[in-house]
Structures are given as structure tokens and as C-alpha cells.
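Open the model and keep the sequence beside it. The walk below moves through two chains.

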Amino acid sequence: MSDEYYLELSENPVQFENASSVNNVFFDEANKQVFAVRSGGATGVVVKGPDDKSSVAFRMDDKGEVKCIKFSLGNKILAVQRTTKSVVLPDKRTLKLLKSQSINVNWYMYCPETAVLLLSTTVQGNVLQPFAFKSATVSKMSKFEIELPAVPKPAKLSLSERDIAVATIYDQLYVMYLKHHSRSTNSPGAEVVLYHLPREGTCRKTHVLKLNTTGKFALNVVDNLVVVHHQSSQTSLIYDIKLRELDGALNVHQPVLPARSINPYKIHLTGPAAAPSQAPVPCELYSSSWSVFQPDIIISASEGYLWYLQVKLQPTLNLLQDKGKLMDFLLRRRDCKMVILSVCSQMLTGGDKGNLSVVATVFDKLNQVYKEYLDAEQAYTAAMESGPSRSSTSYKRPVRTQAVIDQSDMYTHVLSDFTEKKGVKHKFIIAVLMEYIRSLNQFQIPVQHYLYELVIKTLVQHNLFYMLHQFLQYHVLSDSKPLACLLLSLESTYPPAHQLSLDMLKRLSTANDEIVEVLLSKQQVLGALRFIRSVGAHDNVSARKFLDAARQTNDTMLFYTIFRFFEQRNMRLNTLFTLIGHCEEHVAYFKQVFGENALMKQATA
Amino acid sequence: LISPRMASGMQEKQYTPSLLSFFIYNPKFGPREGEEEKKILFYHPIEIEKNEKIRNVGLCEAIVQFTRTFSPTNPAKSLHTQKNRQFFHEAEENYWMVMVVRNPMVEKPNKDGKPPTVEYQEEEIIDSVYGSVLQQCYCMYKLFNGTFSRAFEAGGVELLTQKLEKFFYRYLQTLHLQSCDLLDVFGGISFFPLDKMTYLKIQSFVNRVEESLSLVKYTAFLYNDQLIWSGLEQDDMRILYKYLTTSLFPRHSEPELAGRDSPLRPEVAGNLLHYGRFLTGPANLKDPDAKFRFPRIFVNTEDSYEELHLIVYKAMTAAVCFMVNAAVDLNREFCEQLDSLVGPQLTLLASDICEQFNINRRISGPEKEPQFKFIYFNHMNLAEKSTIHMRKTASVSLTSVHPDLMKILGDINCDFARVNEDEEIIVKAMTDYWVVGKKSDQRELYVILNQKNANLIEVNEEVKRLDMMGMDYFTTLKLSIVQVLLTASV
């Protein structure tokens with residue numbers, strides 16, 4: 001069961017003094033800082049940020065209840081709000097009004113990541129006016145209307161800021177609206193409606209997330225997933241807006257995975273009452289004292305914890321049966337590599353052996369991402385080579401995300417183990433390897449020779465030489481010197497491998513020396529000579545190699561032929577045997593067998 | 001069986017080689033005198049008188065026995081006489097097959113009503129060609145019936161003779177001895193040239209079907225009567241390929257060529273999603289009386305000895321053989337499952353292959369009539385290619401060159417077989433033709449050139465150039481022929 005929790009709270013939370021009658025706690029979303037203000041600041045203000053650098057402690061005079069307290073970016077200026085209409089900066093500073101807009105506002109919401117401000121306007125509050133801040137300018141974006149489930153009569157404020165959140169998902173800004181279940185519509189449960197807010201252009205309703213239940217909800221965005229917490233059932237749901245559901249123009253999404261609770265979390269009791277040896281106690285999840293902030297922050301003020309919400313990918317393996325969909329899901333996650341590789345291993349060797357078409361689908365999905373990366377890399381390299389003059393700014397080196405699973409990853413983590421696995425039918429192993437090679441070819445990715453070696457090894461292990469022969473015949477296993485050498489080594493068990501290897505070397509056209517060596521080792525001296533002549537390299541080869549091989553055959557006529565050939569060549573080139581190699585013994589042997597007179601005149605000179 | 005061919009002049013009559021007799025015997029079955037008839041397991045023609053049969057068998061036995069004293073492991077394979085030639089083949093231990101072929105002859109009429117003079121052309125027949133034909137007879141028998149010895153073990157002489165009669169009665173009628181040539185010696189396989197990606201798609205198709213239909217043990221894939229993939233071992237595929245391309249496919253090609261309304265055209269099922277149909281087994285799945293019986297074949301007879309159902313399924317020009325353990329009963333349900341699974345995929349694949357092939361052909365330029373004809377064979381993968389032979393039909397294989405030239409090719413092949421080294425032979429034929437044979441490693445290439453007044457040096461140059469042309473001509477065909485033409489000089 002424990003491996004089914006796909007959401008967890010971060011291991012290293014930010015801890016602070018829990019909220020109490022003497023300690024007020026504030027959270028600043030922009031700096032992600034928690035302020036613990038004891039006795040209005042008189043006995044201390046402790047500021048804790050996501051790292052130690054942003055943590056500060058100081059004191060200030062108690063001038064009444066603190067309503068809100070924040071630092072400016074970089075902890076330069078502190079601002080304290082004690083009344084509804086004034087903000088105090090403890091140091092003397094002046095503020096300058098840069099720009100003003102006059103709008104009737106019900107409430108506002110500010111997204112620090114994107115510097116976008118949302119204002120709720122009109123009586124019902126459902127017309128939202130966004131502003132974008134960039135350096136010192138404020139620009140008004142086009143306003144948009146949130147569709148309310150029911151229009152109240154008479155009109156009154158109907159859209160609460162609690163039901164709106166702003167978040168960046170897949171680099172796009174969305175306004176998320178938690179649309180509660182309404183009896184008047186026949187929708188079976190609440191929904192989260194996503195409005196896409198582009199930098200330019202109009203905001204449109206683009207996605208609907210079906211919650212299929214009612215009650216109190218809270219939203220987070222983690223790793224581009226929308227997480228919806230449901231308090232009464234103490235579970236959460238996750239949605240991936242890129243997972244396509246074929247349902248009209250508007251994307252209606254169901255949860256990717258079944259609802260699960262956040263992974264149980266234990267906290268160490270602190271304070272004077274707690275002994276150091278005391279066992280940690282379970283933390284109450286989905287507590288009513290939790291506050292949820294965007295994108296991924298959960299704060300329990302009563303316990304003094306700030307957590308980041310995280311997605312665990314490993315449990316998704318068992319929760320999402322459709323492997324294609326699972327791959328789509330995983331490929332878009334940040335820390336996906338090892339999980340994807342384990343999905344592949346599981347698919348091939350696990351109990352629920354996937355069928356080949358699933359295997360093919362998974363390979364295609366992986367290789368699509370792999371190919372996109374290779375193309376981007378290539379385009380980048382090409383752009384760099386063509387000089388920085390052209391379009392120098394637009395080219396950034398492509399980032400290799402974890403979703404790029406290359407051949408070496410597949411080989412090391414999946415395929416080499418799989419082919420060694422006992423109890424897997426060799427037919428299936430070969431089918432899988434061929435499927436991977438097919439997929440790589442389909443995406444025009446050059447296949448690495450170690451994959452071919454794996455294929456050959458598997459075929460040889462099961463004596464499937466004829467299959468191997470056919471693969472080579474259709475060039476499914478591409479030519480390379482290592483492959484040709486591997487084939488050559490198979491000759492003793494499968495004689496035709498010799499021909500296959502030589503053909504391959506010949507096609508490579510960079511392996512002439514190897515071909516000569518192979519032929520000479522097989523005592524095919526004439527064949528070697530014919531070959532070297534056909535490639536026009538006979539003027540440069542060493543005569544000794546050939547004469548040695550010819551002597552070994554004990555065929556004097558062959559020796560004579562070879563000797564004559566080099567004799568004539570050397571005459572033409574005006575060199576002597578002794579000058580190009582140490583051939584005295586062969587000259588002597590020639591004289592001994594055929595007589596002194598058989599030697600050409602120049603050669604003896 | 002005698003088919004006269006009119007030669008030059010009105011009077012002469014030319015007779016091609018023909019089958020005189022064909023018999024199978026085992027000397028161990030009637031070792032004692034007076035029991036000789038028991039040795040004979042099959043004898044064609046059946047009408048021959050008993051004593052003559054015994055005499056003929058005895059003669060063969062004696063010749064083999066006699067020649068064995070000179071060469072214990074390699075006794076006589078053939079006996080040349082003026083009128084005929086006999087071929088001996090010990091197919092299995094002590095099981096001998098003998099084929100007697102009448103030599104081709106010319107009949108010259110005489111004046112004054114005298115009987116015509118007959119001239120036997122005893123040198124026209126090539127041992128290796130007809131020796132191979134005899135071996136093929138055995139292989140074909142074994143493919144459909146298993147070995148002689150297994151039949152004997154299972155049901156004694158009675159079962160064996162029954163099987164032999166049943167098979168050879170029909171098979172011998174399909175032997176066309178007049179058109180046997182070098183290709184029979186090779187017994188090669190023509191491979192379909194294909195690009196890597198399409199080939200991998202076919203691999204993927206075969207693997208998936210074998211996974212879905214777990215009964216299928218082996219699969220072979222052919223396109224346009226040429227092999228693309230064989231899950232069977234080479235020797236089994238070789239004979240199955242021969243059966244498919246010379247017997248099964250030609251029998252089924254006529255309906256495809258027939259017009260839409262022709263009665264020959266098979267019933268097109270209501271399902272137009274695919275063009276798949278069974279070439280063996282049920283002709284029409286919709287027929288309530290359809291029979292689900294498939295031919296049985298025997299493979300791997302040397303070791304695992306497997307008996308299999310042979311299912312041949314075709315969509316357009318793509319044909320797939322699925323082989324299923326014969327112990328399993330194939331029923332309607334299985335055939336329907338196969339049809340619905342394979343039919344649509346194979347239809348798609350067939351059009352993919354066709355499209356890819358046309359693209360490749362376009363790249364390689366328009367097909368020009370080359371100035372030469374050739375036969376190529378690679379002993380390693382049995383790849384065979386011939387531009388001399390026209391399309392094979394059920395009845396005869398037609399060649400486009402004169403029989404004299406075919407004879408020269410056969411003779412060169414015999415020379416090549418004698419030594420193990422690379423060789424090149426150039427022959428000037430009586431006509432204006434030059435014939436060049438090249439043997440390199442395990443490959444043989446035979447080229448027929450028609451060049452008037454060419455001399456040896458020119459022909460040699462031409463063949464060297466021709467290798468280069470060959471390369472260009474076939475660049476897009478990923479066939480061994482390319483490699484060979486590339487490496488023929490090695």
C-alpha cells in the first residue's frame with residue numbers, strides 16, 4: 001500500500017514557531033518567507049525562508065497587532081501593516097506613485113513568479129482585470145469573465161478569491177477557478193476551470209478538470225501537474241493538462257490516477273516537553289489549519305511547518321495500466337528518467353508482460369523525445385558553426401531533460417539485463433530488440449553498434465544463424481568495422497559469417513587492410529592480390545606479407561605467380577625487394593626452386 | 001510425353017529429353033533370391049512387367065555396388081548410355097531413387113519409305129541438372145510426407161508404398177524435364193529487394209502476429225513471389241519456396257488476373273476492409289460448409305522432426321505462410337481470428353511495400369533493357385537472380401535464350417563445381433554470343449553478352465565494366481546481387 005502514495009511532503013520542511021496567542025505567523029509568497037512575530041515583534045521576529053540565506057531574526061517595537069509583514073526582494077526593506085489603510089517602513093523611506101488606475105476592486109491577487117496582478121471587478125466580482133508588471137511599467141491586459149455556475153438575483157459578490165489561483169503550467173500562465181458544484185447545473189461534481197492567460201491576446205477558457213465530487217478543495221501545481229486536495233476524503237487528485245482526452249474543442253480532463261492521500265508524514269515533537277529520544281508522531285494530513293499556497297507550498301501554522309509538495313513517480317507504474325498513457329505522463333515529468341527505465345524493464349520482464357504493440361508504442365514515444373532533442377542539438381551546432389552573426393540571440397543550447405532516454409540508457413538499464421534474463425523466450429527478446437531498432441530507424445536515429453551486437457549475441461546464443469543472415473542481407477544491422485570483426489569471429493560456428501564479414505568490410509571501403517589480412521589468413525593469396533589491385537592500392541602494399549602467405553600454401557606455382565607479380569611491380573616502380581621489405585629469403589627460395597635464370601634481370605642486379 | 005520440336009528444314013524432327021522411368025527401392029527389403037520384388041517400393045510407369053522392373057532395379061543396384069569398390073563413400077551418380085541416362089540417389093540410408101531420362105534425339109526421315117534415322121544427342125544432358133531434379137523430388141516428397149524411414153516405422157512397407165504412390169503419381173506429371181536447367185542445380189531463392197525501414201515493419205508485423213496467435217510457430221513472408229523473411233531454416237525454406245512459387249502461387253494467380261465478372265474470380269467477401277484470403281484451407285470463410293483442413297508439412301527432419309499445418313494467406317501480392325503444430329486442430333474460430341487480425345494489416349503492408357518499391361525504382365531511374373543477361377547465385381544465402389528466365393508458371397519455366405547457351409552455362413557450372421577456387425571462364429558460343437562465368441568465394445555469376453566481332457580482350461573489358469554498370473543498375477536494390485557485383489572481383 002505504501003508504494004501507492006504518489007504525493008509526498010518534502011523531507012526538509014521549513015520549521016518555525018507554531019502560531020499561538022503570543023506568536024503570529026505570516027507568509028510572504030513572493031520571497032517564500034515565513035514570519036513568526038512574537039508579541040507584536042517586541043520579543044522577536046524570526047523570518048525563515050527556503051534556504052538559510054533568506055532567514056533573519058530581529059526585534060521591533062510593539063506598536064499594535066501586526067496584520068501583515070513582508071520584506072522587499074533581497075531583504076532590503078521591511079514593510080509592516082498594522083491598520084487596514086497604512087503600511088509602515090521601519091526605516092525612513094519615501095515612496096513615489098508611478099502610475100495609477102482607477103477601478104472598483106473587490107479583491108486582488110498577485111502572482112510573484114510572473115508579476116501579474118489580478119483584480120476582481122464588477123458587482124459579482126467575476127470580471128477579472130489582469131495587469132502585467134515589467135521593470136517599471138504596468139500594462140493592462142485584456143479583461144475576462146469567469147463563468148459562474150449560477151447568476152444570483154439580486155446580483156451580489158459571487159466570486160471569492162479563495163476559489164481563484166494563478167499558476168504557471170508548462171510555461172503558460174493559467175488562472176484556475178474552482179467551480180463548486182451547483183444544484184442548478186446537472187454537473188455531477190465540482191470542476192476546476194483553467195483560463196489561459198497569454199502575454200498578449202485574450203484570455204480563454206481552455207481546460208476543465210473534473211473532480212467528480214463535492215466539498216472543500218485546495219489547489220497546488222507541482223511539476224506541471226495540477227493537484228487538487230479534497231479535505232473531506234483526505235485524498236488528492238492530479239491532472240496533466242497535456243494528456244489528451246478526445247472530447248471536443250475544450251479539453252475535459254479526468255484525474256490521471258485514482259485518488260490517494262498524501263504519503264503519511266511523521267513529525268518530531270519539539271519544545272521543552274519533548275525528549276530527544278521520543279518517537280516521531282504522525283502528522284495530521286489535510287488538517288483544517290493547513291494553508292495552501294501556489295505553486296507547491298503547504299503550511300501548517302499550528303505545527304510550525306512549511307512543506308513543498310512533491311510528486312513521487314514510482315507508484316504511478318502500478319496505478320496507470322495504459323502504458324502508452326503512462327509514458328506520455330512520465331515523459332513530461334522532471335525526474336522521470338529512472339522511472340521510465342523501470343517501466344521499460346517491468347514491461348519486458350515483469351509479471352504483466354506487455355505485448356509487442358505496447359512495447360512498440362512505448363519505444364516510439366521515447367524515441368520521439370530523443371529525436372527532438374537530437375534535432376535541436378544538431379540545429380544548435382549548425383547555427384554555432386555558421387557563425388554568431390546570424391540569429392545569435394535566438395539560439396540557446398538545448399537543455400537535455402531527463403525525458404531524453406538515449407540508446408545507451410536503454411542498453412545499460414533495460415536491454416542488456418533483459419536479454420540475460422532467464423525464463424524469457426528468445427523469440428520475445430529478439431522481437432523486442434528488433435522493435436527498438438525499428439523505432440530508432442523510424443525516427444531516423446542512427447543505431448549504435450552495441451545494439452546490433454546484442455541482437456547478434458542473442459541470435460548466436462540460440463543458434464539462429466539463418467535469421468542473423470537474413471537481417472544482414474537486408475542491412476538491418478548496419479555496417480561497421482566492429483560488427484564485421486564480430487562476424488568474423490563467428491566463422492568457426494557459422495561459416496557463412498566469413499562472407500558476410502568480408503562483404504561488410506568491402507562496403508565500408510575504409511577497411512582494405514583488414515580485407516587483405518582476412519584473405520591472407522585464409523590462404524586466399526590470389527584473392528587478396530586481386531582485391532588490392534581492384535582498389536588500386538597494389539603499388540603500396542608490402543610484398544613480404546603476400547610472399548609469406550604464398551610460401552605457407554606449399555603451392556610453388558602460386559608462389560611463382562605472386563613473386564612474378566611483385567617482381568614486375570617493383571621493376572615498374574624501380575625498386576628492389578630488398579628496399580621495400582626484407583624479402584631476401586623469398587628471393588633465395590625462388591632461385592632455389594626455379595633457378596637463377598628465372599629471375600628478371602633488373603631484380604637480380 | 002514426347003514433344004517433337006521442328007528443327008531447320010521440314011523433315012527433321014527434334015525430341016526433347018523425357019522421363020522414361022522413375023523408381024524407388026531398398027535392397028534390404030528383399031535380400032534373398034526370389035524376393036527381389038519386395039525391394040521395389042515404387043515404380044513408374046506402373047504398366048511395366050514385373051520381371052523387367054526387377055531387372056532394372058537389379059542393374060542399378062549392381063552399378064552402385066560395383067562403383068562403390070572404387071569410391072566407397074561416393075558411388076556412381078549417373079549412368080550414360082546412348083539412348084538414355086540414369087540417375088541414382090540414395091535419399092536415405094538404403095533407400096535409392098532412380099530416374100531414367102531419355103536423351104534428346106533428332107529423327108531424320110529417309111527416302112524410299114525407309115524408317116527414319118534416329119540420332120541420340122547423348123551429350124546434351126547435364127548430370128548436375130538432372131541429378132538435382134532427382135534430389136528435389138525427394139525433398140518435395142519429404143516436405144509433405146516426412147522421411148521414408150519414418151513412414152516405414154509407422155506403418156511398414158504398406159504405408160510407405162501407399163504414400164509414395166499417392167505423392168509421385170501426381171508429382172511426376174509436373175516434372176518438365178525439357179525445361180530443366182542451371183536454376184534447378186542452384187535451387188535458389190529469389191529475394192525481394194526492400195529498404196531497411198519497410199523490412200523492419202515486416203519484422204514487426206511477423207513478431208506481433210506470432211505473439212497474438214501463439215499457435216503459430218514459424219512464419220515466412222513473400223512479396224511478388226519473392227522471399228522477404230523466413231522463420232524456417234534455410235533448407236526447409238528452399239523446398240517450401242520451390243513449392244510455393246512453382247505450384248501453389250501459379251495455381252492461384254489465374255483468379256487474380258481474371259476479370260471482375262469472371263467465374264474464376266474468388267468470392268469477394270462483404271468485408272471490403274481488406275483483401276486477405278486463404279490460399280490453403282478455407283476458400284471462403286463465409287461459406288458455412290467451409291473446410292478447415294490445411295496441407296501438412298515436415299520440417300527440421302534431421303533433429304526435431306516437426307509436422308506442421310501450412311497456412312498460406314495472401315493479400316494482394318503479399319503472401320504469408322503461417323506454420324502451426326499439426327497436433328493442434330485448426331477450426332473456424334482460429335481461421336476467423338487470423339483473417340481479422342492479419343487481413344487488414346497485411347493489406348496495408350502490401351500497399352506500403354508496393355509504394356516503397358516504386359519509390360526506389362524511380363530513384364534508380366527508368367528500367368532500361370540491359371545489353372546482357374545474367375544468372376546469379378550465392379551458395380551462402382541461396383540468393384538467386386536471373387534475367388534469363390521469364391516468369392515461372394505452373395507448367396514450364398521459360399527462358400529467353402537459346403538452349404545451346406543454357407547448356408554452356410551448365411557446363412561452366414560443372415567446371416566450377418570441380419574445384420574450390422575462384423575462377424573465371426569466358427566462352428565464345430557458336431552464334432555471336434559470349435558467355436562469361438565468374439566464381440568468387442561462394443558466389444557464381446553467369447553473363448551472356450551479344451556482341452558481334454568482339455574479341456576476348458574486349459569481352460573481358462566489357463564484363464569488368466558490366467560489374468560497374470551492375471552496381472549502378474541495382475544501387476537501390478538491397479539485394480545480395482549488389483554486394484556480389486561489388487565483391488565479385490575479390
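Predicted model: local features only at pLDDT ≥ 70, side-chain atom pairs only at ≥ 80, totals over all residues.

Residues are numbered from 1 along each chain as its sequence is written, chains are lettered from A and ligands numbered from 1 in the order in which they are written, and side-chain values use heavy atoms, with hydrogens and water left out.

Chain B has 10 helices and 22 strands. Helices (H or I, at least four residues) and strands (E, at least two) are DSSP runs, numbered from the N terminus. Of its 490 residues, 50% count as buried. Buried means under 20% relative accessible area, exposed over 50%, and partly exposed in between (1.4 Å probe, protein chains only). Take the contacts in chain B between residues at least 6 apart in sequence: 59% of them join residues at least 24 apart. A contact here means heavy atoms within 4.5 Å.

UniProt, in an unreviewed entry, lists residues 20–146 of chain B as "domain: CCZ1/INTU/HSP4 first Longin". UniProt positions follow the numbering used here, feature names are shortened, and annotations may be inferred rather than shown by experiment. The span is 30% helix and 31% strand, and its end C-alpha atoms lie 26 Å apart.

Now look at a sheet of chain B. Its five strands form an open sheet in the order β4-β3-β7-β6-β5, with antiparallel pairing. Strands β4 (40–44) and β5 (78–80) of chain B are at the edges; each has a single partner strand, so one side of each lacks a neighbour in the sheet. On average, neighbouring strands of this sheet are turned by 10° against each other, direction ignored. Axes are lines fitted to C-alpha atoms, for helices over the stretch in contact, and angles run from 0 to 180 degrees between N-to-C directions. Strand β3 (residues 18–25) of chain B pairs with β4(B) in the antiparallel sense over four bridges. Two strands pair if DSSP finds at least two bridges between them. Phe22(B) stands opposite His44(B) in β4(B). Helix α2 (residues 127–145) of chain B lies across β3, β5, β6 (84–92) and β7 (95–102) of chain B, at about 40° to β6(B).

Further along chain B, Gln226(B) lies in strand β11 (residues 226–230). Is Gln226(B) buried or exposed? Gln226(B) is buried, with a relative accessible area of 14%. Not counting residues up to four places away in sequence, Gln226(B) touches Ser190(B), Phe191(B), Phe192(B), Pro193(B), Phe221(B) and Tyr241(B).

Turn to chain A. Helix α2 (residues 323–331) of chain A is mostly covered, with seven of its nine residues buried. Among the buried residues of α2(A) are Lys323(A), Leu326(A) and Phe329(A). Their cover includes β20 (225–230), β21 (235–239), α1 (316–319), α3 (337–349) and α4 (356–385) of chain A.

Finish with a helix pair. Helix α12 (residues 525–534) of chain A and helix α13 (residues 543–552) of chain A pack at about 155°, with axes 9 Å apart. That makes α12(A) roughly antiparallel to α13(A). Angles under 35 degrees count as roughly parallel, over 145 as roughly antiparallel, 65 to 115 as roughly perpendicular and the rest as oblique. Val525(A), Ala528(A), Leu529(A) and Ile532(A) of α12(A) meet Phe546(A), Ala549(A) and Ala550(A) of α13(A).
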